[in-house]
Amino acid sequence: MKLGLLIDLDTCVGCHACAIACKEWNASSHVSGALSDYEPFGAEPSGVWFNRVRHYEVGDYPASKTINFPLSCMHCADADCVSVCPTGASYRRADGIVLVDQDKCMGCNLCAWACPYGARELDTVSGTMKKCTLCVDRIYDVMLAPEDRQPACVLACPTHARLFGDFDDPNSDVSRLASERAGFGLMPELGYAPVNRYLPPRQPQPVLGEDDPRALLERGLASLASPVIRR
Amino acid sequence: MKPAFSIIFFTVSSGAGLGLLALIALVDMLAHGVLPNYALWRGALLGLGLVAAGLASSVLHLANPRNAWRSMVRVRTSWLSREAVAALALFAVVAAYVLLLTGDTGGAPRVLLAWATCVLAWAVLVCTAMIYASLKPIRQWHTRWTPANYLLLGHWSGALLLAAIACAYTTHAGALLALAALLGALALAAKLAYWQAIGAGMPALTLERAIGVAEGVRGAGPLSVAHARLLDVGHSHGTFLTREFGFVVARRHARTLRVVALVLGFGVPLAWLVAGIASWPAALGAVGSCIIGLLIERWLFFAEARHTVRLYHGDPRT
């Protein structure tokens with residue numbers, strides 16, 4: 001099994017709901033313990049997050065596009081964060097989920113250095129490394145309704161830009177979508193075999209020039225419609 | 001990378017100690033009589049003290065040192081684990097070796113322990129270097145010049161210490177001064193080669209590669225090959241990632257510091273060796289200058305290393 005996430009960069013609107021839902025669920029999870037916040041009500045609040053959303057602009061105006069980019073653990077099949085760990089605290093389960101045993105971690109930071117994606121963050125209160133658990137305490141919880149047995153980030157996404165599934169199963173939704181829409185893993189050249197897949201954004205619609213006939217048509221229709229609308 | 005003083009001191013101090021231990025064992029085996037016995041065991045104790053100080057400093061870097069004892073369980077995959085095991089074995093071997101040296105006992109056990117000291121000192125040096133060299137996300141470290149540097153810089157500072165010991169305890173230190181000068185020249189060459197290698201010609205990762213738009217976005221259109229820039233980093237204040245990987249040293253300052261590291265780490269001690277002033281106060285000055293130079297060199301080793309996480313925070317390339 002290779003459990004992981006599929007993230008659609010075309011539909012992600014960058015609302016950070018996935019990151020907030022992740023923080024909410026995992027802050028009270030027994031898997032990693034609390035996700036510490038530093039000075040939460042101070043001048044410079046900071047803290048441990050498993051999932052961060054960043055925003056990029058691709059291309060140059062007018063042919064440019066904003067890409068909202070959520071990033072969390074890729075649950076790599078060949079994860080260096082696991083192999084560099086000297087204490088055995090980092091491990092990869094048979095279902096593909098990479099976890100940190102909080103009782104064994106000595107907080108040496110080496111796994112965070114070995115992760116090219118910045119998916120691991122040290123909790124300075126507990127002194128241990130923390131990371132995305134793929135909500136391992138949700139996805140197998142038989143007390144939850146079957147449709148709720150998914151990571152918190154997936155359930156929270158308002159545009160369904162996130163999907164959870166088994167990438168080893170060619171018939172799973174995530175595998176099918178990834179192959180249909182040219183899903184890609186991040187920085188495969190580093191050789192970590194990341195499992196999570198991103199669906200590429202579509203081409204942007206260029207902004208029309210002043211004299212473009214389609215722009216003239218648009219303005220003409222707007223001037224015809226506005227008296228009706230304003231009435 | 002954030003230049004953490006605990007690790008900088010650790011690598012410089014234990015590097016010098018390990019170099020000294022390896023050279024003392026080699027001198028004892030291959031050039032017996034160059035140094036009197038009491039100089040050998042005092043030197044070995046100094047080397048062990050430097051390694052111990054370095055390891056103690058490295059424990060300060062841990063956020064949860066209570067679990068430090070667990071660090072020896074993953075020798076099959078982790079260079080840090082291998083380093084811990086080799087260092088522990090080194091302590092046991094050197095302790096036994098020093099006991100034999102103080103009694104001036106000769107014979108097979110001494111030869112065996114000398115070889116073991118030498119091999120284990122090399123092993124620890126290589127493990128320390130490989131911790132950095134094995135990290136693929138940091139191209140400035142993931143190079144063969146990293147282990148070459150750690151090995152040669154450790155032996156260079158160790159050889160200087162040995163030369164100082166020779167000045168203090170014998171009147172014919174010439175051979176050891178020449179050995180130090182040779183190792184100094186080699187270490188200097190390796191350091192310059194390292195800076196040359198990370199400066200140019202190494203393939204760098206780009207922000208476009210990191211977010212997967214280097215080959216353009218889907219379908220025909222203007223973004224067939226796009227370049228990207230950060231609009232918003234998504235967090236309001238610093239995170240673990242910005243604190244750990246966000247450190248930047250201005251290129252101008254890096255250049256100045258490189259010159260200072262070269263002058264203090266190599267220029268001053270090599271000048272002393274060439275001048276051949278075999279007095280131990282001068283030797284101590286040369287050793288002190290070298291250690292300060294290497295501390296600056298090691299600070300730069302961290303400060304100039306750029307992790308791929310920086311791409312996601314807006315760096316155009318690593």
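These questions and answers cover chain B and its side facing chain A in a predicted model. Local features need pLDDT of at least 70 and side-chain atom pairs count only at pLDDT 80 or more, while totals for chains, interfaces and linings use all residues. Residues are numbered from 1 along each chain as its sequence is written, with chains lettered from A and ligands numbered from 1 in the order in which they are written.

Colleague: How many helices and strands are there in chain B?

Modeller: Both are DSSP runs, numbered from the N terminus: helices are H or I, at least four residues, and strands are E, at least two. From the N terminus on, the order is α-α-α-α-α-α-α-β-α-α-α-α. The count for chain B is 11 helices and 1 strand.

Colleague: What percentage of the 318 residues in chain B is buried?

Modeller: A residue is buried if 20 or more other C-beta atoms, placed from the backbone, lie within 10 Å of its own. For chain B, that share is 51%.

Colleague: Which element supplies the largest share of the side of chain B that touches chain A?

Modeller: Contact means C-beta atoms, placed from the backbone, within 7 Å. By that rule, 53 residues of chain B meet 55 of chain A. Elements with at least two residues on this side include α3 (79-102) and β1 (228-232) of chain B. The largest share, 5 residues, comes from β1(B).

Colleague: Which residue of β1(B) is the bridge partner of A:Glu57?

Modeller: Strands pair if DSSP finds at least two bridges between them. Here β4 (residues 52-60) of chain A and β1(B) pair in the antiparallel sense over 4 bridges. The partner of A:Glu57 is B:Arg229.

Notes: Contact = placed C-beta atoms within 7 Å. Buried ≥ 20, exposed ≤ 12 C-beta atoms within 10 Å, placed from the backbone.
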